[in-house]
Amino acid sequence: MDMVMKLGAASGVVIFTKSSCCISHSIETLIRSFGANPIIYELDTHPNGKQMEKALIELGCQQSVPAIFIGKELVGGANEIMSLNVRGKLKQLLIRANAIWV
């Protein structure tokens with residue numbers, strides 16, 4: 001779990017995903033549309049992917065991917081990101097995390 005938390009804190013936006021997950025790709029595209037450049041960890045291709053996936057589930061992720069950290073905190077998965085976006089709060093969160101500058 002510590003490894004995932006350290007990786008999640010390494011950048012303004014970190015996304016844990018799997019290469020075959022279309023929802024993860026959509027979330028990545030949404031975040032990039034604001035001008036952010038997230039760090040992406042693909043659990044199915046990463047050498048420690050299985051351990052990371054287990055740690056994400058232990059942290060409370062219902063589904064292991066996508067799992068999004070913004071500003072060194074686990075925001076959650078696709079539902080949480082889409083909810084923030086619909087409410088107009090995703091951009092503000094990205095700005096506070098210094099992931100984008102407006």
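Helix α4 supplies the largest share of the lining of the largest pocket, three residues. The model is predicted, so local features require pLDDT of at least 70, side-chain atom pairs count only at pLDDT 80 or more, and totals for chains, interfaces and linings use all residues. Residues are numbered from 1 along each chain as its sequence is written, and side-chain values use heavy atoms, with hydrogens and water left out.

The largest pocket holds about 300 Å³ of space. A pocket is an open set of points on a 1 Å grid over the protein atoms alone, where a 1.4 Å probe fits, with protein on both sides within 12 Å along at least five of seven lines; lining residues have an atom within 4 Å of a point. The volume is the space filled by probe spheres set on the points. Of the 15 lining residues, Gln-62, Gln-63, Gly-77, Ala-78 and Glu-80 are the closest to the pocket centre. Two elements give two or more residues to the lining: β4 (73–76) and α4 (78–86). Helices (H or I, at least four residues) and strands (E, at least two) are DSSP runs, numbered from the N terminus. By class, the lining has eight nonpolar, six polar and one charged residues. Ala, Val, Leu, Ile, Met, Phe, Trp, Tyr, Cys and Pro count as nonpolar, Asp, Glu, Lys and Arg as charged, and the others, Gly among them, as polar.

Strand β1 was examined next. Five of its five residues are buried, where buried means under 20% relative accessible area, exposed over 50%, and partly exposed in between (1.4 Å probe, protein chains only). In a regular strand the side chains alternate between the two faces of the sheet. Both faces of β1 are covered: Val-13, Ile-15 and Thr-17 are buried on one side, Val-14 and Phe-16 on the other.

Two strands pair if DSSP finds at least two bridges between them. β1 and β3 run antiparallel and are joined by four bridges. Here Val-13 stands opposite Ile-70 of β3. β1 and β2 run parallel, again with four bridges. In this pairing Ile-15 stands opposite Ile-40 of β2. Together with helix α2 (residues 22–33), β1 and β2 make a right-handed β-α-β unit. Right-handed means that, with the strands pointing away from the viewer, the path from the first strand over the helix to the second runs clockwise.

A search of the whole structure finds two aromatic pairs. Phe-16 and Tyr-41 are stacked, at 5.3 Å centre to centre and 20° between the planes. Phe-16 lies in β1 (residues 13–17) and Tyr-41 in β2 (residues 39–42), so this pair ties together parts 25 residues apart in sequence. Phe-16 is buried at 0% relative accessible area. Tyr-41 is buried at 15%. The rings of Phe-16 and Phe-69 have centres 5.8 Å apart and planes at 65°, so this pair is edge-to-face. Phe-69 lies in β3 (residues 67–70) and Phe-16 in β1, so the pair ties together parts 53 residues apart in sequence. Rings of Phe, Tyr and Trp (its six-membered ring) pair if their centres lie within 6.5 Å; planes under 30 degrees apart count as stacked, over 60 as edge-to-face and the rest as tilted. Phe-69 is buried, as is Phe-16. Ring pairs link Phe-16, Tyr-41 and Phe-69 into a cluster.

Ala-9 lies in the loop between α1 (2–8) and β1. Ala-9 is partly exposed, at 28% relative accessibility.
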